[in-house]
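The following paragraphs go through one protein chain, from its overall dimensions to single residues. Keep the sequence and the coordinates at hand while reading.

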Amino acid sequence: MEYNILGKSGIRVSKMCFGTLTLGPLQKNYSVSEGANLLSYAYDKGINFLDTAELYENYAQIKQSLINRPRDSVIIFTKSYAYDSKTAEDSLAKALKELNTDYIDGFLLHEQESEHTLRGHMEAAEFFVRAKEKGYIRTFGVSTHSINCVLASLKYDFIDVIHPLFNKSGIGILDGSASEMLSAIKTANNKGVGIYSMKPLGGGNLIKNYDEALDYVLSVNEIDSIAIGMQSTFEIDANFMRFSNEIIPERLKENLRAQNRQLIISDWCIGCRECEKVCKQNAINVINGKAVVDKERCVLCSYCAPRCKEFCIKII
C-alpha cells in the first residue's frame with residue numbers, strides 16, 4: 001500500500017481510504033461487531049485512513065475496531081454540518097466521546113457548496129481552528145461536490161484539507177465537468193492543500209468499468225488518498241490489489257461486477273418530497289405521489305435517507 005502526506009496537514013495516510021458510510025444505518029446497517037471486524041480486516045491490509053461523518057452514525061463501530069490497537073495507527077477524519085460555535089462544540093464532543101479518543105485527526109465541514117456556504121459556516125470553522133490549536137483535532141478542512149467550493153476554500157489559509165467528489169465521468173459534480181474539477185484539485189494541491197477524493201466509482205454507477213474508473217483517479221498525482229466505500233472483505237481485497245498495482249483474480253472481478261447498489265424507495269412512500277428537496281443531484285422526483293429515482297444521476301450519497309419522514313429510503 002502506498003502512503004502519502006496529506007498536504008500541509010503533515011498527516012501520513014494510505015492511498016486507499018476506507019469510506020465508512022457503507023457500514024452504518026444509511027446503508028448496510030451492520031452491527032457494531034460486524035462493522036468493527038470489517039474495519040480491522042482493512043487495518044491488517046495496511047489501510048490506515050478512515051473517512052466518517054456524524055451523519056453516518058457509525059462511531060461505535062469505529063470505536064470497537066480500535067480496541068487493542070494504538071490510537072495513532074489509525075487516521076480518523078469525520079465531518080459535521082455544524083454552522084456555529086455551539087453546533088461545532090457539540091459535534092466535536094460527540095465524536096470524542098463516542099470514538100473514545102482524546103483527539104480527532106481531521107474535522108471537516110460537511111458538504112460545502114460555495115464561498116457563500118463557507119461564509120455561512122465561518123463561526124463553526126473558527127471553533128474548529130481553535131480546537132486544532134488546543135490539540136483536540138489535528139487538521140481542519142471541508143468536503144464538497146462543488147468545483148466552486150474547492151476554489152473558494154483556497155482563500156482561507158486555515159483550510160488544510162479538501163475532500164472533493166471526483167471520478168472519470170464527473171458523476172455527482174454539482175457545477176461542472178470532471179476536467180474542471182481536476183483543474184481545481186491541481187490548483188489546490190499546488191498551494192499545499194491536502195486532497196483526498198471521494199466516489200471514484202460514481203456511487204456505484206461506474207462499477208461495470210471498475211478498472212478504467214479507478215485507474216483514472218489513481219493516475220492523478222495531486223490526489224493524496226481516495227475514499228472508497230466497502231461492504232465486504234472481497235471488496236477490500238479487490239480494491240487493495242488495485243491500489244497496490246496487483247492483478248485482481250477473475251473471481252474477485254466477477255464479485256465486484258455483481259455488485260449493484262441501488263437507492264430503493266419502499267412501497268409505503270407517501271410522496272412527502274423531503275428527499276426531493278434535499279437531493280442536490282436532482283436524482284429524486286415525486287411522480288404520482290411516490291418518489292422515483294434517476295439511477296444515472298444518483299450517487300448514493302445517502303443524504304436523502306435521514307430526511308424521509310416515513311423511513312422509506314434505503315441503499316442496498
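What is the accessible surface of the chain, and what share of it belongs to carbon and sulfur atoms? In this predicted model, the accessible surface comes to about 13,500 Å², and carbon and sulfur atoms account for 46% of that area. Of the 316 residues, 58% count as buried.

The overall dimensions come next. Along its principal axes, the C-alpha trace spans about 50 × 45 × 40 Å. The radius of gyration is 18 Å, which agrees with the value near 20 Å that a compact globule of 316 residues would have. The chain has eleven helices and 14 strands. Contacts can also be sorted by sequence separation: among those between residues at least 6 apart in sequence, 73% join residues at least 24 apart.

Ser 143 gives a local view of such packing. This residue belongs to strand β7, which covers residues 137–144. Its relative accessibility is 2%, so Ser 143 counts as buried, the cut-off being under 20%. Leaving aside residues up to four places away in sequence, Ser 143 touches Lys 79, Leu 108, Leu 109, His 110, Glu 111, Gln 112, His 163 and Met 198. Tyr 83 lies 60 residues from Ser 143 in sequence, and the C-alpha atoms of the two are 14 Å apart in space.

By residue class, the lining of the second largest cavity has eleven nonpolar, two polar and two charged members.

The backbone deserves a look as well. Most residues other than glycine have a negative phi. Glu 57, which is not a glycine, has a positive phi of about 55°. Glu 57 sits in the loop between β4 (49–51) and α2 (59–65). With a relative accessibility of 61%, Glu 57 counts as exposed, because the cut-off for that class is over 50%.

Where is Asn 288 found? Asn 288 is in the loop between β12 (284–287) and β13 (290–293). Its phi is near 55°, again a positive value in a residue other than glycine. Asn 288 has 81% relative accessibility and therefore counts as exposed.

Note on methods: Residues numbered from 1 in each chain as written. Predicted model: local features only at pLDDT ≥ 70, side-chain atom pairs only at ≥ 80, totals over all residues. Heavy atoms only, no water. Nonpolar A, V, L, I, M, F, W, Y, C, P; charged D, E, K, R; others polar. Helix = DSSP H or I, 4+ residues; strand = E, 2+ residues; numbered from the N terminus. Rg over C-alpha atoms; globule rule 2.2 N^0.38 Å. Buried < 20%, exposed > 50% of the residue type's maximum accessible area, 1.4 Å probe, protein only. Contact = heavy atoms within 4.5 Å. Areas by Shrake-Rupley, 256 points an atom, 1.4 Å probe, with all protein chains shown as cover.
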